[in-house]
Amino acid sequence: MKKLVIFDLDGTLLNTIDDLARATNQALAALGYPTHDVAAYRYFVGNGINKLFERALPPERRTTEEVARVRELFIPYYDRHNADFSRPYEAVPELLRRLDEGGARLAVASNKYQAATRELVARFFPGVPFVAVFGQREGVPTKPDPRVVEDILREAGVAREEALYVGDSGVDMRTALNAGVEACGVAWGFRPVEELEAFHPAHLVSHPAEILRLAL
């Protein structure tokens, strides 16, 4: 049994890709840049919003200044529209409920900026007693740096060998590896299974219910 299960947010608990794509595309269009199909954003996201904007900009315009201009337009739009199309993946709410009832503590570790991370978790999982909900925080490096996992372990008072980290991308698998925490890749998220397999996670699941047998 694991005492703590740490979840990535985007692509793991929530399908947020449409709202992320729409918010970025409106910022790009306002600045006169080409926009992208939603499918392209599956490979743009995962390393925080500044990296998202850098990847979405034309190669010759990927400067700190242009990233800041996109961010200035993105955040107010996304704050208003981040739940227009975003929804929990099928069976995820049931998974969280059963993990909680089974005695596992739960946490979120995301590269989405902190305010949006907290808002979306509160909106879609209001009854789940997460021990920590951490997004991208000022002064804290983004995943795959292990700091966010280490902060959660400390907050929960749980040893790393008693935790399971669940995510949908290579960034998540590297985060677990860097933190010395057992990793579980999920096949329903934004990235292909081959990306997860490259990091040799301890577990690879195709349905949320499979996580129950790993944690309880």
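The crossing of helices H1 and H4 is right-handed. The model I am presenting is a predicted one. In this model, the axes of H1, residues 17-30, and H4 come within 9 Å and cross at roughly 140 degrees. That angle makes H1 oblique to H4, because it falls in neither the range for roughly perpendicular nor the one for roughly antiparallel, which is over 145.

Which residues make this contact? From H1 they are Asp19, Leu20, Arg22, Ala23, Thr24, Gln26, Ala27, Leu28 and Ala30. From H4 they are Val70, Leu73, Phe74, Tyr77, Tyr78 and His81. Sorted by class, the contact has 10 nonpolar, 3 polar and 2 charged residues.

Helix H4, residues 64-81, also meets helix H3, residues 49-56. Their axes come within 9 Å and cross at roughly 115 degrees. H3 and H4 are therefore roughly perpendicular to each other, and their crossing is right-handed. On the H3 side, the contact is made by Ile49, Asn50, Leu52, Phe53 and Glu54. On the H4 side, Val67, Val70, Arg71, Phe74 and Ile75 take part. These residues divide into 7 nonpolar, 1 polar and 2 charged. Please note Val70 and Phe74 of H4, which take part in the contact with H3 and also in the contact with H1.

As a general point, an α-helix has 3.6 residues a turn, so residues three or four places apart point the same way.

I turn now to helix H7. Which residues of H7 are buried? They are Val148, Val149, Asp151, Ile152, Leu153 and Ala156. The buried residues of H7 pack against strands S1, S4, S5 and S6, and against helix H8. After H7 comes Gly157, with a positive phi near 70 degrees.

The loop between strand S5, residues 132-136, and H7, residues 147-156, holds Arg137. The side chains of Arg137 and Asp151 are joined by a polar contact of 2.9 Å. Setting aside neighbours within four places in sequence, Arg137 is in contact with Gln114, Val148 and Asp151. Val148 and Asp151 are among the buried residues of H7.

The loop between H7 and strand S6, residues 163-167, contains Glu162. Finally, Glu162 and Ala215 are 53 residues apart in sequence, and their C-alpha atoms are 9.5 Å apart in space.

Key: Residues are numbered from 1 along each chain as its sequence is written. This is a predicted model: local features need pLDDT of at least 70, side-chain atom pairs count only at pLDDT 80 or more; totals for chains, interfaces and linings use all residues. Side-chain values use heavy atoms; hydrogens and water are left out. Helices (H or I, at least four residues) and strands (E, at least two) are DSSP runs, numbered from the N terminus. A polar contact is a pair of N or O atoms within 3.5 Å; within protein, one must be able to donate a hydrogen and the other to accept it, and residues adjacent in sequence count only if both atoms are side-chain atoms. Contact means heavy atoms within 4.5 Å. Axes are lines fitted to C-alpha atoms, for helices over the stretch in contact, and angles run from 0 to 180 degrees between N-to-C directions. Angles under 35 degrees count as roughly parallel, over 145 as roughly antiparallel, 65 to 115 as roughly perpendicular and the rest as oblique. A crossing is left-handed if the near helix is turned anticlockwise from the far one by less than a right angle, and right-handed if clockwise. Ala, Val, Leu, Ile, Met, Phe, Trp, Tyr, Cys and Pro count as nonpolar, Asp, Glu, Lys and Arg as charged, and the others, Gly among them, as polar. Buried means under 20% relative accessible area, exposed over 50%, partly exposed in between (1.4 Å probe, protein chains only).
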